[in-house]
Structure formats: structure tokens, C-alpha cells
Amino acid sequence: MTMMGARAVAEAEKWIGTPYRHQASEIGVGCDCLGLIRGVWGRLYGEVPGIGAPYAADWAERTGRERLLDAAARYCGTAIALEQMAPGDILLFRWRAQFAAKHAGILSADDQFIHAYEQAGVICSSLVPGWRRRIAGVYRFPDFPPVRSGTD
């Protein structure tokens, strides 16, 4: 695990128990899966990435755009191979092959990840085969935040 990975896991663990709230990103108050990633990012780098326009719960099914994969590449760089993932990495999931990736979590151990789940809030789940086969991309928190220009 990288130093940044260890920091990401430690920050994500602090969010466990936060209730699920669509589009929110406030530790202890509420967040969705993207809000968890944004919140941990903010704790690591001091600045929370923008999300652009508000998003509906079914945005991935309606638009088909790979918004999560595109944003992860923009902020974290090239995706890493599944066999190289390590605790602290961001996992993006696709529910079905024909839909865009729309769920995110942070790998917390070789076989566990932390994510915000609508029925349970922020929890740590086992990365069982059902979850593993839905991984659409793995991204590593960069050692330093990327230099950004313009707005998201």
C-alpha cells in the first residue's frame, strides 16, 4: 500500500456510519458513493472536486456517458490493472455491461472496500466475486493533486 493509499483508507474509515444522502458529501451527515470519494479527496488535498451539474439517480442509464471514468482519469490519471489494485485505490463499478459505471468505493483491504450504499449508508463490504466482476476501473489517488485549469 502506498502512503497516499494508507491515508485514503484511514480517511474513508472515518466515514463509516455516515447515512446515505443522494448528492451529499458531508461526513457524519450524509453522502452518496461519489460524495464519499469527493469527501476523502477533500481531506487528502484540501479541495473538493466539482461535480458539474446535479445528477439524477438514473443518470448512467439515461445518458450512457462515462462520467465517472472520465472524471477519474482527469483527476487520477490512467486506470491501473485490476491485478495491481491496492488498498486506498478508487474502484468504479458498472451494474450492467450496457450502462456507464455509476458506483464508487475505496479498496480498504485486499478483499474489502468502503462505499456508500443506499440501503445502508457508508459501510465496509467484502469484495466478493459479484462485486469484483462489476469493476469498471481502478484508479489511484495521486501523490499530489493534479494541476487543474478552468472549471469542471
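Reply: A residue is called buried under 20% relative accessible area, exposed over 50%, and partly exposed in between (1.4 Å probe, protein chains only). The model is predicted, so to speak of local features takes pLDDT of at least 70 and side-chain atom pairs count only at pLDDT 80 or more, while totals for chains, interfaces and linings use all residues. Residues are numbered from 1 along each chain as its sequence is written, and side-chain values use heavy atoms, with hydrogens and water left out.

Me: Is Ala 24 buried, partly exposed or exposed?
Reply: Ala 24 sits in the loop between α1 and β1; helices (H or I, at least four residues) and strands (E, at least two) are DSSP runs numbered from the N terminus. Its relative accessible area is 22%, so Ala 24 is partly exposed.

Me: What distance separates the C-alpha atoms of Ala 24 and Gly 35?
Reply: Contact means heavy atoms within 4.5 Å. Leaving aside neighbours within four places in sequence, Ala 24 has contacts with Gly 30, Cys 31, Asp 32 and Gly 35. Ala 24 and Gly 35 are eleven residues apart along the chain, and their C-alpha atoms are separated by 5.6 Å.

Me: Is Thr 18 buried or exposed?
Reply: Thr 18 belongs to the loop between α1 and β1 (25-26). Leaving aside neighbours within four places in sequence, its contacts include Glu 26, Ile 27, Gly 121 and Val 122. The relative accessible area of Thr 18 is 2%, and therefore Thr 18 is buried.

Me: How are α1 and α2 oriented to each other?
Reply: Axes are lines fitted to C-alpha atoms, for helices over the stretch in contact, and angles run from 0 to 180 degrees between N-to-C directions. Angles under 35 degrees count as roughly parallel, over 145 as roughly antiparallel, 65 to 115 as roughly perpendicular and the rest as oblique. The axes of α1 (residues 3-14) and α2 (residues 33-45) come within 9 Å and cross at roughly 125 degrees. The two helices are therefore oblique.

Me: How many residues of the contact of α1 with α2 are charged?
Reply: Ala, Val, Leu, Ile, Met, Phe, Trp, Tyr, Cys and Pro count as nonpolar, Asp, Glu, Lys and Arg as charged, and the others, Gly among them, as polar. From α1, Met 4, Arg 7, Ala 8, Glu 11 and Ala 12 meet Val 40, Arg 43, Leu 44 and Tyr 45 of α2. Of the residues in this contact, six are nonpolar, none is polar, and the number charged is three.

Me: What is the C-alpha separation of Arg 96 and Arg 134?
Reply: Arg 96 is in the loop between β3 (90-93) and β4 (103-109). Its relative accessibility is 51%, so Arg 96 counts as exposed. Arg 134 is 38 residues away along the chain, and the C-alpha atoms are separated by 7.7 Å.

Me: What percentage of the residues in the protein is buried?
Reply: The protein has five helices and seven strands, in the order α-β-β-α-α-α-β-β-β-β-α-β from the N terminus. Among its 152 residues, the buried share is 43%.
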